[in-house]
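Welcome, and please open your viewer.

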Amino acid sequence: MKLVELTISDFAEMLGSDAPAPGGGSAAALSAASGIALTKMVCELTLGKKKYEAVQALMVAIHKDSQRLQQDLLAAIDKDTQAFNLVSAVFELPKATNEQKAARQKAMQEALQEATKSPFEMMSKIVEAIEVTNRAVGHSNTNAASDLGVAALNLKAGLQGAWLNVLINLAAIKDAAFVAQYKSQAQALLDQGSQLADKIYQEIENNL
């Protein structure tokens with residue numbers, strides 16, 4: 001069964017158990033999915049309201065993007081665990097001979113690279129979600145303004161969580177070029193998304 005098909009209680013129980021997965025990466029994806037879902041909710045509370053007639057087209061566009069990103073980030077909950085499972089599977093490979101050891105090391109490096117790409121892709125989606133959320137600030141239903149602030153907080157938490165998962169995998173990868181590329185690009189996403197999420201939160205807080 002997919003993680004996204006579990007009840008909230010069952011997911012929390014599994015997350016809090018000694019099972020190796022799900023872990024922080026899936027939790028980060030869930031946080032981000034919750035964040036963009038709140039942005040979508042704010043759109044729902046703005047669409048069709050006479051007071052916000054002037055921004056209906058904008059809200060329709062934000063709603064559409066939020067829906068797509070919500071699905072992408074929900075999918076990332078399972079993708080992160082699947083990537084971790086690839087790494088775990090390597091430990092089951094034989095290592096009795098030098099050839100087996102070499103094959104095992106190669107498989108581990110490949111699995112770690114895949115495990116890095118998963119949270120990196122998540123970071124990219126989250127930054128896009130933060131940008132989408134920012135488009136709603138100052139234009140959406142003011143009664144739900146605090147929800148956009150909570151959206152920003154959840155999205156930033158997801159972004160930082162995904163960043164940590166990138167880092168922990170990069171630490172064990174021997175390909176220096178791969179490490180340099182992903183660390184640099186992920187750092188840029190972290191900085192961009194965190195700054196914008198902070199801006200959204202501060203603007204919301206200042207106007208409450």
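A salt bridge here is a side-chain nitrogen of Lys or Arg within 4 Å of a carboxyl oxygen of Asp or Glu. With that in mind, select D65, R68, E128 and R135: salt bridges link them in a network. The model you see is predicted, so local features need pLDDT of at least 70 and side-chain atom pairs count only at pLDDT 80 or more, while totals for chains, interfaces and linings use all residues. Residues are numbered from 1 along each chain as its sequence is written, and side-chain values use heavy atoms, with hydrogens and water left out.

Across the whole structure, a search finds nine salt bridges.

Zoom in on E128 and R68, whose closest N and O atoms are 2.7 Å apart in a salt bridge. E128 sits in helix α4 (residues 98–136) and R68 in helix α3 (residues 56–90), so this pair ties together parts that are 60 residues apart in sequence. Helices are DSSP runs (H or I, at least four residues), numbered from the N terminus.

Next, select K125 and D72. Their salt bridge has its closest N and O atoms 3.1 Å apart. K125 belongs to helix α4 and D72 to helix α3, so the pair joins parts that are 53 residues apart in sequence.

Finally, move to helix α6 (residues 176–206), where K199 and E203 are four residues apart, about one helical turn. Their side chains meet in a salt bridge (3.7 Å, N to O).

How values were computed: Helices (H or I, at least four residues) and strands (E, at least two) are DSSP runs, numbered from the N terminus.
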